[in-house]
Amino acid sequence: MNSVKVNSQKIEQMLNLSLEASSRKRSDVQVIVVTKKVSSEQAMAAIEEGYMHLAENRPEGLELKQKELNDKRLVWHFIGNLQTRKVKKVINKIDYFHALDRLPLAEEIEKRALNVVSCFIQVNVTGEETKSGVSPDQLDDFINSLSQFSKIKIVGLMTMAPLNAEEAVIRSAFAQLKKLQESIKDKALPYAPCTELSMGMSKDYTIAVEEGATFVRIGTSFFE
Ligand SMILES: *Cc1c(COP(=O)(O)O)cnc(C)c1O
């Protein structure tokens with residue numbers, strides 16, 4: 001295992017190459033450190049390198065990390081599927097929710113949230129059956145159906161690239177998400193500014209950044 005410091009330096013180097021290749025700047029991309037598989041001590045090492053955006057994918061993990069880290073500067077992301085009955089446990093403890101993909105979930109968020117929640121709609125760009133997310137052809141209808149909610153702000157779209165696919169396939173999935181994001185942004189809906197793109201994980205964040213990601217979600221590469 002390398003130190004988080006060494007790993008983060010490598011990540012920053014890779015990021016900068018991708019940013020340069022696409023004429024973007026470092027401040028255009030927010031790195032989210034995915035801490036779901038590591039201890040609070042390891043998460044702390046990332047915080048010491050200056051990373052303030054952390055992500056968890058289970059209510060229990062979120063609760064434990066928030067308690068142990070107890071740091072007001074941190075920005076919390078919930079990634080991954082959230083069961084409707086667990087919404088009340090997490091929705092008022094997070095800054096961003098990355099997995100909005102169905103109406104009952106939106107209804108429950110509306111019911112439980114005390115403030116407006118910044119949400120990403122998860123899109124299943126490649127149509128893999130095992131993956132959650134709204135399909136591209138249902139996205140417009142789904143977004144229209146969210147206009148009734150006062151606690152949901154659609155800040156952007158999120159996707160997961162197909163696992164172990166060729167680079168061209170991954171790149172095309174990210175490019176498709178970017179197109180969808182821009183088409184929604186262009187509608188200028190007050191509840192759906194949709195300016196952000198959450199895409200890219202340890203294996204594919206360089207491609208995601210080249211294709212316009214504004215949030216990358218990196219776990220393994222920080223902690224391997
Ligand atoms: C686990 C996870 C990540 C981070 O994956 P790594 O391959 O460890 O970087 C990113 N996004 C989601 C939705 C995840 O569940």
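Visitor: Is Arg-73 buried or exposed?
Guide: Arg-73 is exposed in this predicted model, with a relative accessible area of 54%. The cut-off for exposed is over 50%, so Arg-73 falls in that class.

Visitor: Which residue forms a salt bridge with Arg-73?
Guide: Asp-71 does, and the closest N and O atoms are 2.8 Å apart. Asp-71 itself is partly exposed, at a relative accessible area of 21%.

Visitor: How many salt bridges does the count come to?
Guide: The count comes to 18 salt bridges. One of them joins the side chains of Asp-101 and Arg-102, at 2.9 Å from N to O.

Visitor: And how accessible are Asp-101 and Arg-102?
Guide: Asp-101 is buried, with a relative accessible area of 15%. Arg-102 counts as partly exposed, at 24%.

Visitor: What about Asp-140, which residue does its side chain meet in a salt bridge?
Guide: The side chain of Asp-140 meets that of Lys-187, at 2.9 Å from N to O. This pair links distant parts of the chain, 47 residues apart. Asp-140 sits in helix α6, residues 139–145, while Lys-187 is in the loop between α7 (167–185) and β7 (196–198).

Visitor: How accessible are those two?
Guide: Asp-140 is partly exposed, with a relative accessible area of 37%. Lys-187 is also partly exposed, at 39%.

Visitor: Which residues are linked in a network of salt bridges?
Guide: Glu-167, Arg-171, Glu-210 and Glu-211 are linked that way.

Visitor: Why would side chains pair like this?
Guide: Side chains of opposite charge can pair when their charged atoms come close.

Visitor: Switching to helix α1. How far apart are its end C-alpha atoms?
Guide: They are 26 Å apart. Helix α1 has 18 residues, residues 4–21, and at 1.5 Å a residue it should span 26 Å, so the two values agree.

Visitor: Which residues of α1 are buried?
Guide: The buried ones are Val-4, Asn-7, Ser-8, Ile-11, Leu-15, Ser-18 and Leu-19. Seen down the axis of α1, they fall within an arc of 105°, so they line one face of the helix.

Visitor: Which residues are exposed on the other side of α1?
Guide: On that side Gln-13, Leu-17, Glu-20 and Ala-21 are exposed.

Visitor: What comes just after α1?
Guide: Ser-23 is found there, and it takes a positive phi of about 50°.

Visitor: Which residue does UniProt annotate as a modified residue?
Guide: The annotation "modified residue: N6-(pyridoxal phosphate)lysine", from an unreviewed UniProt entry, covers Lys-36. In the model, Lys-36 lies in the loop between β1 and α2.

Visitor: How accessible is Lys-36, and what is it in contact with?
Guide: Lys-36 is partly exposed, with a relative accessible area of 39%. Leaving aside neighbours within four places in sequence, Lys-36 is in contact with Ala-55, Glu-56 and Asn-57.

Visitor: Where does UniProt place the domain?
Guide: The unreviewed UniProt entry places "domain: Alanine racemase N-terminal" at residues 28–223. In the model, the end C-alpha atoms of that span lie 24 Å apart. The span is 36% helix and 19% strand.

Visitor: Now the rings. How many aromatic pairs are there?
Guide: The structure holds 6 aromatic pairs. One of them is Tyr-51 with Phe-222, an edge-to-face pair with 5.0 Å from centre to centre and 75° between the planes.

Visitor: Where do Tyr-51 and Phe-222 lie?
Guide: Tyr-51 lies in the loop between α2 and β2 (53–56), and Phe-222 is in helix α9, so the pair ties together parts that are 171 residues apart in sequence. Tyr-51 counts as buried at 7% relative accessibility, and Phe-222 is buried at 0%.

Visitor: How are the rings of Phe-78 and Phe-97 placed?
Guide: Their centres are 6.2 Å apart and their planes are at 35°, so the pair is tilted. Phe-78 is in strand β3 (residues 75–78) and Phe-97 in strand β4 (residues 96–100), 19 residues apart. Both Phe-78 and Phe-97 are buried.

Visitor: Which residues form an aromatic cluster?
Guide: Tyr-51, Phe-222 and Phe-223 form one.

Key: Residues numbered from 1 in each chain as written. Predicted model: local features only at pLDDT ≥ 70, side-chain atom pairs only at ≥ 80, totals over all residues. Heavy atoms only, no water. Helix = DSSP H or I, 4+ residues; strand = E, 2+ residues; numbered from the N terminus. Expected span 1.5 Å × (residues − 1). Buried < 20%, exposed > 50% of the residue type's maximum accessible area, 1.4 Å probe, protein only. Arc of directions from axis to C-beta. UniProt positions renumbered as here; feature names shortened; annotations may be inferred. Contact = heavy atoms within 4.5 Å. Salt bridge = Lys/Arg side-chain N within 4 Å of Asp/Glu carboxyl O. Phe/Tyr/Trp six-rings, centres within 6.5 Å; stacked < 30°, edge-to-face > 60°.
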